[in-house]
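The sequence and the coordinates come before the discussion.

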Amino acid sequence: MAIRLCLVQGKPQGQQLLFNRGEYLFGRGAECHVRPNSEWVSRQHCLLRVTPEAVSLRDLGSRNGTLVNGVRIVEECNLSHGDRVEVGPLVFEVQFDPASPLPEALPETTDDTLRGDAANQETTDPGPLPPPEPSADRS
């Protein structure tokens, strides 16, 4: 299964991020796959997991939380087509169709609101990520 997150609120609005099977960190830290340029986003904010069976999202103890359809998630939750995911000031709409192939790459953007591998091109399966480093202050 592969999914697309379409940015419906934030800059650059309309940006689409593509994710194949794997785990992807969202946050301001250099180790993250998607790095929103906002102080409202923690260094390691949330983890997106894409498997052949499901797509799930887990908040990593972020200060401002991760919301799905306007509700702050406290545990890992499964995502469905059309769900709205809020990470700091950004709102993404979840779109997936397991039968459709992903394009080879997305057009590049000059806006650095979203940075990282997923911001400008199709992501590839990076393999399992190491567990997040323990920290008392995750923001």
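In this predicted model, Thr-66 lies in strand 7, which covers residues 66-68. Thr-66 counts as buried because its relative accessibility is 0%, under the 20% cut-off. The side chain of Thr-66 makes a polar contact of 3.4 Å with the side chain of His-45, and His-45 is also listed among the residues that Thr-66 touches beyond four places in sequence, together with Cys-46, Leu-57, Asp-59, Val-71, Arg-72, Ile-73, Val-85, Glu-86 and Val-87.

Leu-5 belongs to strand 1, residues 3-9, and is likewise buried, with a relative accessible area of 3%. Setting aside neighbours within four places in sequence, the contacts of Leu-5 include Gln-15, Gln-16, Leu-17 and Phe-19, as well as Phe-92, Glu-93 and Val-94. Between Leu-5 and Gly-82, which are 77 residues apart along the chain, the C-alpha separation is 9.7 Å.

| Residue | Strand | Relative accessibility |
|---|---|---|
| Thr-66 | strand 7 (residues 66-68) | 0% |
| Leu-5 | strand 1 (residues 3-9) | 3% |

Both of these strands take part in an open sheet of six strands, ordered 2-1-11-10-7-8 with antiparallel pairing. Strand 2 (16-19) and strand 8 (71-72) each have a single partner strand and stand at the edges, so one side of each is left without a neighbour in the sheet. Within this sheet, strand 1 and strand 11 (residues 90-96) run antiparallel and are joined by six bridges, and Cys-6 has Glu-93 in strand 11 as its bridge partner.

Note on methods:
Residues numbered from 1 in each chain as written. Predicted model: local features only at pLDDT ≥ 70, side-chain atom pairs only at ≥ 80, totals over all residues. Heavy atoms only, no water. Helix = DSSP H or I, 4+ residues; strand = E, 2+ residues; numbered from the N terminus. Buried < 20%, exposed > 50% of the residue type's maximum accessible area, 1.4 Å probe, protein only. Polar contact = N/O pair within 3.5 Å; in protein donor to acceptor, adjacent residues only side chain to side chain. Contact = heavy atoms within 4.5 Å. Pairing = 2+ DSSP bridges.
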